[in-house]
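Please open the structure in a viewer and keep the selection tool at hand.

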Amino acid sequence: MTSDAPAQQRTLVLVKPDGVRRGLAGEVLRRIEAKGYTLVTVELRQASDELLAEHYAEHAGKPFLAPLVEFMRSGPVLAVVAEGHRVIEGFRSLAGATDPTVAAPGTIRGDLGRDWGLKVIQNLVHGSDSPESAAREIGLWFPAL
Ligand code: DAT
Ligand code: MG
């Protein structure tokens with residue numbers, strides 16, 4: 001059977017260790033669902049160095065990479081694949097700007113995040129930033145999908 005409906009898009013969302021520690025994993029899932037996106041898979045995971053090196057390959061050589069990986073290994077992350085039309089930009093919009101101090105109120109980072117005076121920005125969530133990144137990241141975190 002054929003359909004004229006445009007293909008659904010998928011994105012990788014991570015609730016980072018700060019979000020899981022603070023009990024905000026459910027709040028992030030709530031916002032994704034309230035926006036109307038579908039949860040494809042949700043899994044609490046302890047990320048390995050190898051996985052994080054691949055995940056953050058675009059930041060190789062930057063001064064914050066080592067503290068970023070250390071932070072991402074400091075506790076479990078909730079790995080989520082969400083689906084819907086334009087979900088990649090839609091979740092980035094829900095997440096807000098990288099720096100939680102200036103992220104707009106109403107966004108996850110703006111409402112729930114702050115600066116803790118650390119070397120790496122702790123900003124509660126990750127969301128893929130392009131269709132290419134989403135495909136690469138979903139393949140890394142969920143090779144079976
Ligand atoms: P985003 O998570 O908004 O896509 P990014 O991909 O540029 O941002 O960076 C990945 C993470 O690294 C980001 O969520 C927080 C941290 N980070 C980015 N820039 C930083 C900086 N200049 N100093 C410290 N941490 C930084
Ligand atoms: Mg990014």
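Over residues 8–145, what percentage of the chain is helix and what percentage is strand? Select that range in this predicted model: the chain there is 41% helix and 19% strand. Its end C-alpha atoms are 14 Å apart. In an unreviewed entry, UniProt places the feature "domain: Nucleoside diphosphate kinase-like" at residues 8–145.

**The ligand and its pocket**

Next, select ligand 1. The space that ligand 1 takes is the largest pocket.

**Contacts with the ligand**

Now select the following residues in turn and look at the atoms that face ligand 1.

- N123: an N or O atom in its side chain is 2.8 Å from an oxygen atom of ligand 1.
- I121: a backbone N or O atom lies 3.2 Å from a nitrogen atom of ligand 1.

On its own, ligand 1 has 520 Å² of accessible area, and the protein covers 77% of that area.

**The annotated positions**

Which residues does UniProt list for "binding site"? The unreviewed entry gives K16, F64, R92, T98, R109 and N123. Select them with the pocket still displayed: the lining of the largest pocket includes K16, F64, R92, T98, R109 and N123.

**A last stop at F64**

Finally, centre the view on F64. Where in the chain is F64 found? F64 is in the loop between α3 (49–55) and α4 (65–72).

Note on methods
Residues are numbered from 1 along each chain as its sequence is written. Chains are lettered from A and ligands numbered from 1 in the order in which they are written. This is a predicted model: local features need pLDDT of at least 70, side-chain atom pairs count only at pLDDT 80 or more; totals for chains, interfaces and linings use all residues. Side-chain values use heavy atoms; hydrogens and water are left out. UniProt positions are given in the numbering used here, feature names are shortened, and annotations may be inferred rather than shown by experiment. Helices (H or I, at least four residues) and strands (E, at least two) are DSSP runs, numbered from the N terminus. A polar contact is a pair of N or O atoms within 3.5 Å; within protein, one must be able to donate a hydrogen and the other to accept it, and residues adjacent in sequence count only if both atoms are side-chain atoms. Accessible areas come from the Shrake-Rupley method with a 1.4 Å probe; for residues, only the protein chains shown count as cover. On a 1 Å grid over the protein atoms alone, a cavity is a set of points where a 1.4 Å probe fits but cannot get out, and a pocket is an open set with protein on both sides within 12 Å along at least five of seven lines; lining residues have an atom within 4 Å of a point. A molecule sits in a cavity or pocket if more than half of its atoms lie within 2 Å of its grid points.
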